[in-house]
Amino acid sequence: MSRSVYGNPHSHNLSSRLTHDTVERVRYRILQHFNTTPEDYSVIFTSGCTAALKLVAEGFPWRPQTESEAGSHFCYLTDNHTSVVGIRGLTSDWGVVILPVYPQEVENRGKDKAQGENAVCQTPHLFCYPAQSNFSGRKYPLSHVKGIQARRLYPACDHQGQWFVLLDAASLVSCSPLNLQDCPADFIPISFYKIFGFPTGLGALLVRNHAAGILKKTYFGGGTAAAYLSGEDFYVQAANVSDRFEDGTVSFLDIVALNHSFETLYRITGCMLNIEQHTFGLARYTYMLLSSLCHGNRRPVAQMYTQGQFESPSTQGAILNFNLMDSHGKIIGYSQVDRMASLYNIHVRTGCFCNTGACQSFLGITNQQMRRNLQAGHVCGDTIDLVDGQPTGSVRVSFGYMSTFDDCQKFLSFVAECFVEKPVTMDQARLERLKAAGASNEETTVNITEVTHKDQEKKEITESSQSGFEFICPDSHEGAYTLTNIYIYPIKSCGAVEVHNWPVGPLGLLYDRGWMVVNVNGVCLSQKRELRLCLIRPQVHLSSNELLLQASGMDTISVPLEIRTGVDASYPVCQTKVCGDRVETVDCGDEAASWLSDFLGQPCRLIRQSPNFTRGMKKKSDTAITSPPLSLVNEAQYLMINRASVELIHKVMSSRQDNSELDTQNIISRFRANFVIAGVEPFEEDGWSHLIIGNIQFMVKGQCVRCQMVGIDQNTGSKTKEPLMSLSTHRRGKVTFGVYLTHHVPEGSTTAGVLCTGAPCFVKCTAKTGDLPKTSGGFLT
């Protein structure tokens with residue numbers, strides 16, 4: 001925040017684009033954390049987990065019961081958070097059947113075989129359950145997701161229709177991994193402060209794309225509409241799932257903080273599996289000692305509320321729930337425990353923890369007693385901890401990745417000092433049984449794989465798409481078109497490398513824009529935000545397989561041109577965005593990151609496009625031609641400019657008053673083209689449709705729209721208003737300069753040949769514009 005300006009993402013200025021790109025990067029980071037991809041899930045940011053649940057409740061297509069059709073069912077485990085149970089507040093008015101389900105009923109009343117889909121009954125039902133109880137830490141089987149969806153488990157097996165599953169993962173993901181490849185729940189609400197501690201007031205709903213279409217909206221806020229009329233009842237919702245449901249401006253500064261949170265969490269802990277094992281070890285250690293702790297008269301000190309005996313991290317989270325008892329076996333009110341703990345700088349949570357169902361079950365409080373407690377003045381969240389000597393709630397201790405065994409020991413010492421009648425004793429028999437139970441269970445391991453994305457299928461251009469295509473050198477300009485310059489830009493937005501002969505690869509010129517620099521949030525840095533990028537002069541050494549990083553005042557370092565991501569684990573795979581496209585990239589290591597950070601004066605890293613990832617070109621129109629693969633370029637594989645057009649703009653600039661003189665070569669460098677062609681007429685390239693350079697065939701894919709980046713002197717990094725001012729004056733409509741080219745490498749080939757400066761060029765025209773010379777038969781004459 002001290003180094004960047006972040007603007008409202010619903011705009012297109014630099015600060016807004018920075019925000020948008022960073023927010024999108026964080027979405028991908030979240031999905032990667034849960035081992036899924038944007039192809040399967042969408043991330044909708046909310047103000048918290050509760051808001052995510054409310055979004056599902058309001059958007060789910062509930063159907064009331066009719067004479068001819070059964071209505072929707074809203075089913076939930078009784079061991080659910082208040083915010084889940086609260087969904088019934090909406091559904092009860094819509095004629096929806098509300099069915100609370102006890103945990104033991106799900107499997108006990110299930111059926112062995114999956115129930116087939118009923119083509120007639122498509123009534124949507126929703127089943128909600130917690131991945132981990134926020135009361136006791138009990139982990140419910142994630143297999144319930146598929147079991148409910150397939151109608152093998154109760155209550156889905158008893159009711160026809162389409163069953164959707166909402167998995168409340170807020171408690172689970174604080175200390176445990178969640179692999180959505182294994183449990184494809186339809187809706188997953190999460191809260192980020194439960195994972196990181198910061199930022200608060202930010203959550204998300206992960207929506208399975210397969211189920212996203214069923215969610216409906218009535219209210220539409222800023223940013224959620226593709227179009228609407230204020231004077232008529234006309235509204236078209238945004239096509240993107242996230243945009244559709246994020247009313248107004250998201251809390252983008254908090255979302256930016258999430259990126260740092262993930263980086264810090266993984267840097268400190270390595271992975272969520274490490275956190276799960278560490279926190280479970282702490283919780284089990286504390287459970288064994290606390291549950292075995294006794295008063296001097298051998299009575300137990302604590303009443304533990306747990307389903308098992310902390311046998312495995314696959315069934316129990318890092319939560320201890322209990323009440324303390326005096327030497328006569330009477331419950332000590334949780335408020336007293338809380339006040340004493342504060343004196344020892346120990347923070348516990350007390351009450352029912354917004355989970356009345358689990359509280360009643362573990363503490364044995366009947367519905368009648370709950371009503372009597374209310375009449376006695378007890379309400380949720382107060383300090384009335386005992387009514388008629390019976391507890392209204394309990395004490396909860398939760399562990400996080402920052403917790404230590406020293407914390408456990410201090411807590412146990414606090415309990416022994418303040419609440420145990422001396423002498424302190426231990427139930428050694430129980431302790432030994434618990435130790436033996438732990439030793440007999442093998443450690444649970446969870447395989448967390450890096451997120452990978454299916455490579456897009458590469459399709460080659462067909463011969464039929466080129467049928468009837470002939471290149472004929474225009475009669476009056478025979479031999480006039482020549483390739484004068486070839487440039488590659490190995491690192492996106494960094495300095496150019498001029499070459500005289502260079503291989504053409506499947507993505508464009510070999511190693512052109514194969515790398516890029518990203519900031520601390522993983523967002524691509526360009527010269528628009530960091531002028532000094534142009535002063536970095538990379539060099540490609542094919543013979544030694546090295547990319548050299550060079551800059552004035554810096555030692556030269558190198559990174560390999562080719563890597564094997566599947567073999568060398570030192571190159572972690574990550575994701576980012578280029579021109580709105582998601583790309584899978586590989587980090588190039590700490591040495592390159594340190595070099596770039598030192599030179600640019602801000603934390604950044606060098607990444608390259610993953611060799612296992614294919615990025616396709618944007619399709620601007622329907623075409624039978626398959627989209628060619630791209631490197632980290634903005635729009636197309638190649639950019640070409642016409643030297644005659646450059647010279648014309650140079651003349652326009654020279655004619656303007658108070659204009660600092662720029663030579664032709666300086667202007668050429670500002671347009672950052674791959675090819676410079678010596679043409680005849682200025683801007684004639686706007687009407688070209690095909691091009692042959694040497695013996696390699698290209699197609700023109702459109703004109704390049706220019707921005708303020710052409711005002712950056714590529715030799716000094718200084719900014720001027722030219723040539724954009726003169727270009728804007730001379731050109732009509734969008735300020736364009738140069739054309740994009742594409743080329744398809746034949747199937748099975750890695751290169752299409754070698755281009756050399758001085759090679760002849762042959763062109764064909766199809767387009768006609770007011771700026772073009774007259775044509776005859778589509779070819780220049």
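1. Helix H11 and helix H15 (residues 405–419) have axes that come within 10 Å and cross at roughly 20 degrees. This is a predicted model. An angle under 35 degrees counts as roughly parallel, so H11 and H15 are roughly parallel to each other. H11 passes H15 in a right-handed crossing.

2. Which residues in H11 meet H15? They are Gly281, Leu282, Tyr285, Thr286, Leu289 and Leu290. On the H15 side, the contact takes in Phe405, Cys408, Gln409, Phe411, Leu412 and Val415. By class, the contact of H11 with H15 has nine nonpolar residues, three polar and no charged.

3. H11 (residues 272–292) also packs with helix H10 (residues 252–269). The axes of H10 and H11 come within 9 Å and cross at roughly 60 degrees. H10 and H11 are therefore oblique to each other. Their crossing is left-handed, whereas H11 passes H15 in a right-handed one.

4. The residues of H10 in this contact are Leu265, Tyr266 and Thr269. They meet Met272, Asn274 and Ile275 in H11. The contact of H10 with H11 divides into four nonpolar and two polar residues, with no charged ones.

5. Turning to the sheets, four strands form an open one in the order E22-E28-E27-E26, and the pairing is antiparallel. Strand E22 (515–519) and strand E26 (573–578) each have a single partner strand, so one side of each is left without a neighbour in the sheet. The twist averages 50 degrees from one strand to the next.

6. E22 and strand E28 (residues 604–609) run antiparallel and are joined by five bridges. Within this pairing, Val517 stands opposite Leu606 in E28.

7. What packs on this four-strand sheet? Helix H1 (residues 14–33) does, touching E22, E26 and strand E27 (581–587). The direction of H1 makes about 150 degrees with that of E26. Helix H17 (residues 590–600) lies across E22 and E28. H17 runs at about 130 degrees to E28.

8. Another open sheet has three strands in the order E21-E20-E36, again with antiparallel pairing. Its edges are strand E21 (508–509) and strand E36 (753–756). Each of these has a single partner strand, so one side of each is left without a neighbour in the sheet.

9. How many bridges pair strand E20 (residues 501–505) with E21? There are two, in the antiparallel sense. Gly505 has Gly508 in E21 as its bridge partner.

10. Strand E8 (residues 225–229) and strand E9 (residues 234–237) pair in the antiparallel sense over four bridges. Ala225 stands opposite Gln237 in E9. E8 and E9 form a hairpin, with four residues between them.

11. A disulfide is counted where cysteine sulfur atoms lie within 2.5 Å, and by this rule the count comes to one. Which cysteines form the disulfide? Cys352 and Cys359 do, with their sulfur atoms 2.3 Å apart. The angle about the S-S bond is -50 degrees, and the link of Cys352 and Cys359 is left-handed.

How values were computed. Residues are numbered from 1 along each chain as its sequence is written. This is a predicted model: local features need pLDDT of at least 70, side-chain atom pairs count only at pLDDT 80 or more; totals for chains, interfaces and linings use all residues. Side-chain values use heavy atoms; hydrogens and water are left out. Axes are lines fitted to C-alpha atoms, for helices over the stretch in contact, and angles run from 0 to 180 degrees between N-to-C directions. Angles under 35 degrees count as roughly parallel, over 145 as roughly antiparallel, 65 to 115 as roughly perpendicular and the rest as oblique. A crossing is left-handed if the near helix is turned anticlockwise from the far one by less than a right angle, and right-handed if clockwise. Contact means heavy atoms within 4.5 Å. Ala, Val, Leu, Ile, Met, Phe, Trp, Tyr, Cys and Pro count as nonpolar, Asp, Glu, Lys and Arg as charged, and the others, Gly among them, as polar. Two strands pair if DSSP finds at least two bridges between them.
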